[in-house]
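I'll jot down what I look up as I go.

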Amino acid sequence: MTLEAAITTPAYAPKDGALRVATVNVNGLRAAWRKGMPEWLAPRDVDILCLQEVRAPDDVVNGYLEGWHVLHAEADAKGRAGVAIASREQPTATRVGIGDDYFATAGRWVEADFAVDGGKQLTVVSAYVHSGEVDTPKQVDKYRFLDVMLKRLPELAELSDYALVVGDLNVGHTPLDIRNWKTNQKRAGFLPEERAYFDRFFGGEIGWKDVHRELSGQIDGPYTWWSQRGRAFDNDAGWRIDYQMATPGLAASARNAVVDRATAWDTRFSDHAPLVIDYKLQTPEDHRP
C-alpha cells in the first residue's frame with residue numbers, strides 16, 4: 001500500500017439507511033471544539049457519537065452537544081479521562097461504569113441501549129482503556145481494566161441482540177496496527193501481554209469482531225493516532241488503537257468504515273482521527289410484508 005493511498009481519506013459514502021456510529025478520542029472536548037470539531041461533525045450525519053478523553057464537566061458537554069441525547073461519565077481526577085455517548089435517538093437505558101467498583105469514578109466506560117431492527121436491542125459502549133506505562137501502577141490498572149473487559153464482553157453479548165464497544169483501547173493488536181512495530185515491542189500499547197487480551201477478544205474464547213479490520217482487510221493501518229512528536233502525522237507513522245468491536249451478528253451488518261484523517265497536521269482537532277462505521281440493520285419498515 002502506498003503512503004499516498006494510506007493517508008487519503010475516502011469520499012464519504014451515503015448512509016443508505018444505515019446506522020452511523022463514530023468514535024473519537026477528542027483529547028479535551030473544549031480544545032477539540034475550538035480547533036474545528038463542529039466543522040467535522042456537522043456534515044457527517046452521525047447517529048451515535050462516542051467520545052473519549054472528554055475532560056470537561058457535564059454542563060460543558062451538554063452545551064456543546066445541544067440537541068443530542070448525552071450520556072457522560074466525568075472522571076474524579078479533574079482534567080483526565082471522561083467518556084460520552086451522544087445519540088440522535090434517546091436510549092432505552094443507560095449505565096455508567098464497567099462493573100468494578102475500583103473504576104466506578106474513572107470516567108472510562110459508559111453503556112447505552114437502543115431499540116433497533118424491529119424491536120431488538122443494541123448496546124453501545126464508549127470505552128477509554130488506560131494508556132499504561134511499563135512497570136508502573138498505571139500498567140497494573142490497565143491490566144485490571146482489560147481483565148474486567150474479558151468478563152463484561154460476554155455479559156454484553158448475553159444482554160443484547162447486538163453489542164458494540166468502541167473507543168480508544170490503547171493497544172495495537174498486530175504488527176499491521178503500528179507503523180514502527182519492531183521498535184515498540186517493549187512499549188505500553190504493543191506489549192505481548194496486552195496484545196494477548198485482544199487475541200482473546202477476537203478469538204474463539206470471546207468471539208467478538210474487530211469491525212474496522214474486517215472491513216479494511218490485511219493492510220497496514222489505517223491508523224487512528226499519531227504522536228505529536230516529529231513528523232509522525234506527515235509520514236503516517238501511526239497506531240491503530242481506536243476500535244469498533246462488535247458481536248458477530250452486528251459485525252456482519254457493517255458496510256463501510258472510514259478513518260476521517262485530517263488533510264494536514266495543522267487542521268486536526270485531536271491527535272486521534274474519528275473512526276466512522278455504518279451498520280445496515282433492518283428498520284421496522286424492512287419487516288413489512
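Predicted model: local features only at pLDDT ≥ 70, side-chain atom pairs only at ≥ 80, totals over all residues.

Which residues does Met149 touch, not counting those up to four places away in sequence? I went through the contacts and got Ile98, Trp109, Val129, Pro154 and Phe201.

**Met149, continued.** I placed Met149 in helix α5. I then looked up its accessibility: Met149 comes out at 0% relative accessibility, so I put it down as buried.

**Ser160.** Next I went to the loop between α5 (137-159) and β8 (162-168), where Ser160 is found. Is Ser160 buried or exposed? Its relative accessible area is 7%, and the cut-off for buried is under 20%, so Ser160 counts as buried. I wanted to know what its side chain does there, and found a polar contact with the side chain of Gln121 at 2.7 Å. Leaving aside neighbours within four places in sequence, I listed Asp113, Gln121 and Thr123 as the residues in contact with Ser160.

**The sheet.** I traced an open sheet of six strands, and wrote down the order as β3-β4-β2-β1-β14-β13, with mixed pairing. Which strands stand at the edges? They are β3 (69-73) and β13 (254-259); each has a single partner strand, so one side of each is left without a neighbour in the sheet. On average, neighbouring strands here are turned by 15° against each other, direction ignored.

I zoomed in on one pair. Strands β1 (residues 19-25) and β2 (residues 48-52) run parallel and are joined by five bridges. Across this pair, Val21 stands opposite Ile48 in β2.

**Ile48 and the cores.** Ile48 came up again when I looked at the largest nonpolar core. That core has 36 residues, and Ile48, Ile85, Leu122, Leu164, Leu250 and Tyr279 touch the most other members. Strand β6 (residues 109-116) gives the largest share, four residues. Trp109 was already in my notes as one of the residues Met149 touches.

Key:
Residues numbered from 1 in each chain as written. Heavy atoms only, no water. Pairing = 2+ DSSP bridges. Helix = DSSP H or I, 4+ residues; strand = E, 2+ residues; numbered from the N terminus. Axes fitted to C-alpha atoms, helices over the stretch in contact; angles between N-to-C directions. Buried < 20%, exposed > 50% of the residue type's maximum accessible area, 1.4 Å probe, protein only. Polar contact = N/O pair within 3.5 Å; in protein donor to acceptor, adjacent residues only side chain to side chain. Contact = heavy atoms within 4.5 Å. Core = buried A, V, L, I, M, F, W, Y, C linked by side-chain atoms within 4.5 Å.
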